Amino acid sequence: MSAIESAVMYDVARIREDFPILARKVRGRDLVYLDNAATTQKPQSVIDRIVRYYSEENSNVHRGVHYLSEVATAAYEQSRTTVKRFINARDEKEIVFTRGTTESINLVVQSWGRKNVQAGDEILITAIEHHSNIVPWQLLCEEKHARLVIAPVNDRGEILLDDFKRLLSGRTKIVGVGHASNALGTINPVKQMIALAHANGSLVLVDGAQGVPHMRVDVQDLDCDFYAFSGHKVYGPTGIGVLYGKEKLLEAMPPWQGGGDMILSVSFEKTTYNALPYKFEAGTPNIAGAIGMAAGLDYVAQIGIDNIAAHEQDLLQYATRRLLEIDGLRIIGTAANKAAVISFVLEGVHPHDIGTVLDQDGIAIRTGHHCAQPLMMRFNVPATGRASFAMYNTREEADHLVDSLRHVIEVFR
Amino acid sequence: MSSTDLRELYQQVILDHNKNPRNFREIADAKRVDGFNPLCGDHYTIFLQMDGDTIKDVAFIGNGCAISKASASVMSATVKGKSKDEADRLFETFHKLVTGDTSGLDAAELGRLAAFSGVSEFPARVKCATLAWHTLRTALEGSKDTVTTE
């Protein structure tokens with residue numbers, strides 16, 4: 001299909017109608033929501049699915065023998081299958097529902113990490129990770145007297161693969177890398193990094209929070225050992241996420257949280273643990289969350305992730321070009337391969353002030369360090385403004401952003 | 001309407017003090033305290049020189065948003081020559097002003113601080129406005145060297 005054909009088929013106005021919140025006004029102006037890397041808005045189908053669950057299906061899962069329990073369990077487990085298919089995992093056993101990306105990473109650190117990382121071992125992450133893919137590893141290194149090693153990026157925000165390869169040592173147990181940077185937009189060459197890591201005998205955990213929403217993710221093709229992502233970043237509800245792990249790895253990992261549902265049998269003398277994936281799902285899960293997340297993934301699949309990716313790339317190029325028209329605006333993160341995230345600084349105006357003026361014009365961007373303080377220090381800025389685009393954003397909204405930034409300059413310079 | 005709201009927040013006094021902050025320098029031989037807002041990266045160092053109970057000189061360096069910088073600047077001009085107790089009272093007054101608590105506020109006492117009245121409409125910016133004041137208070141109490149808004 002040609003670029004023009006697919007552009008014609010992608011009806012963003014029609015898509016916007018599916019998202020009720022986009023019709024609302026903010027401070028008397030149309031909402032221009034450009035904070036999607038923080039969280040995405042939800043289509044009516046996701047909202048309806050959650051309402052339907054609570055109106056017609058709600059019951060606890062896995063334990064009851066009554067009708068509603070069967071219905072709820074079927075819906076919950078169907079959601080697991082939806083996730084499995086969406087990321088092309090081999091088996092439902094490899095899909096663990098968690099509270100989100102952060103919890104998924106902490107699960108791996110605490111369960112796999114505590115068992116497999118010893119004093120003197122190394123954990124290799126990159127200079128542009130989100131705090132959620134830094135701090136858990138720091139905690140582990142402290143506990144185990146292991147060393148955290150940082151793979152550098154160039155001034156464009158790109159991983160230097162040669163440096164990364166050099167930093168893989170005989171002691172590197174695992175690599176932690178973001179699929180795409182929430183602050184810079186850089187899409188990391190994770191497939192190559194995984195191949196290099198495996199050749200070195202190291203595992204790889206991919207922080208996929210900004211992966212799944214923006215591009216096709218095939219965990220078998222990537223061959224990653226763990227992949228973590230959040231429902232609310234991909235048009236689903238908050239409080240739900242996924243840890244994908246290769247079956248043989250998850251099988252060997254000790255339980256993480258103890259409690260109901262992750263057990264087979266309990267006695268005070270001995271407790272045996274449940275099979276995968278339930279071994280890692282203690283307590284009543286976020287049933288509505290999982291079902292809502294699956295509805296979000298279904299919505300994305302229906303539009304087509306490749307179509308969404310193409311739309312976002314078009315917006316990224318357009319918005320970048322227009323933003324660079326502004327005198328004194330500098331984009332932080334200029335990798336050749338980027339997701340639709342634009343971090344910028346404006347000379348003479350602090351991001352906080354930019355954000356406030358934009359807010360008055362109905363525009364939502366994020367300002368600050370974006371949970372990536374080491375990254376901010378690497379690029380020598382205390383904070384940036386960040387506009388992040390999603391499937392329902394438009395070129396007109398990019399124009400509004402530019403107009404409002406001119407307004408900022410009027411106020412401050 | 002939105003333009004008016006913005007003008008309420010970014011009044012001329014604030015814009016002026018942001019572009020040309022007063023007492024924006026170091027003081028050798030002074031008590032120094034660092035103040036951070038970790039959420040946004042605002043970071044200032046307040047220098048304080050006392051003469052007995054009176055604030056002889058106060059200055060600051062650092063970086064941050066217009067609200068925080070203007071606040072530090074107006075604060076430095078306002079408290080210079082005041083006693084510690086007067087500075088404490090001004091802090092309480094300022095805090096009430098920016099959090100929208102107008103009970104018992106005296107316009108005459110506020111002086112240039114009144115320019116920050118608009119902050120009360122922007123709750124997310126209260127910490128920007130009060131950072132310098134918190135840092136000053138820590139310097140006056142003499143207990144710590146670092147202060148954060150969290």
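Ser71(B) is found in helix α3 of chain B, where helices (H or I, at least four residues) and strands (E, at least two) are DSSP runs numbered from the N terminus. Ser71(B) has a relative accessible area of 1% and is therefore buried, the term buried meaning under 20% relative accessible area, exposed over 50% and partly exposed in between, with a 1.4 Å probe and protein chains only. Beyond its neighbours within four places in sequence, Ser71(B) is in contact with Phe94(B), Phe116(B), Ala129(B) and Trp133(B), contact being defined as heavy atoms within 4.5 Å. The model is predicted, and local features need pLDDT of at least 70, side-chain atom pairs count only at pLDDT 80 or more, and totals for chains, interfaces and linings use all residues. Residues are numbered from 1 along each chain as its sequence is written, chains are lettered from A and ligands numbered from 1 in the order in which they are written, and side-chain values use heavy atoms, with hydrogens and water left out.

Grid points are joined across faces, edges and corners, and a volume is the space filled by probe spheres set on the points. The second largest pocket holds about 400 Å³ of space and is lined by 22 residues, of which Leu346(A), Glu347(A), Gly348(A), Val349(A) and His350(A) lie nearest its centre. At least two lining residues each come from β14 (341–346) and α13 (351–360) of chain A and from α2 (12–19) and α3 (66–79) of chain B. The lining of this pocket comprises 10 nonpolar, 6 polar and 6 charged residues, where Ala, Val, Leu, Ile, Met, Phe, Trp, Tyr, Cys and Pro count as nonpolar, Asp, Glu, Lys and Arg as charged, and the others, Gly among them, as polar. Just after α13(A), Gly362(A) takes a positive phi of about 85°.

The whole structure contains 1 cavity of 30 Å³ or more, and the largest cavity has a volume of about 40 Å³. Its lining has 5 nonpolar, 4 polar and 2 charged residues, among them Lys233(A), Tyr235(A), Glu312(A) and Phe389(A).

Over all chains, 13 aromatic pairs are found, rings of Phe, Tyr and Trp (its six-membered ring) being paired if their centres lie within 6.5 Å, with planes under 30 degrees apart counted as stacked, over 60 as edge-to-face and the rest as tilted. The rings of Tyr235(A) and Tyr392(A) are edge-to-face, because their planes stand at 80° with the centres 5.9 Å apart. This pair links distant parts of the chain, 157 residues apart, with Tyr235(A) in the loop between β9 (226–230) and β10 (241–245) of chain A and Tyr392(A) in the loop between β17 (384–388) and α15 (395–412) of chain A. Both Tyr235(A) and Tyr392(A) are buried, and together with Phe19(A) and Tyr299(A) they form one aromatic cluster. In chain B, the rings of Phe24(B) and Phe60(B) have their centres 5.2 Å apart and their planes at 65°, so this pair is likewise edge-to-face. Phe24(B) lies in the loop between α2 and β1 (31–37) of chain B and Phe60(B) in strand β3 (residues 54–63) of chain B, so the pair ties together parts that are 36 residues apart in sequence. Phe24(B) is partly exposed at 38% relative accessibility, whereas Phe60(B) is buried, with a relative accessible area of 1%.

Backbone features include the cis peptide bond from Leu276(A) to Pro277(A), with omega near -5°; Pro277(A) lies in the loop between β12 (271–273) and α11 (287–303) of chain A. Cys371(A), although not a glycine, has a positive phi of about 55°, and is partly exposed, with a relative accessible area of 35%. Asn23(B), in the loop between α2 and β1 of chain B, has a positive phi near 55° and is buried, with a relative accessible area of 14%.

How values were computed
On a 1 Å grid over the protein atoms alone, a cavity is a set of points where a 1.4 Å probe fits but cannot get out, and a pocket is an open set with protein on both sides within 12 Å along at least five of seven lines; lining residues have an atom within 4 Å of a point.
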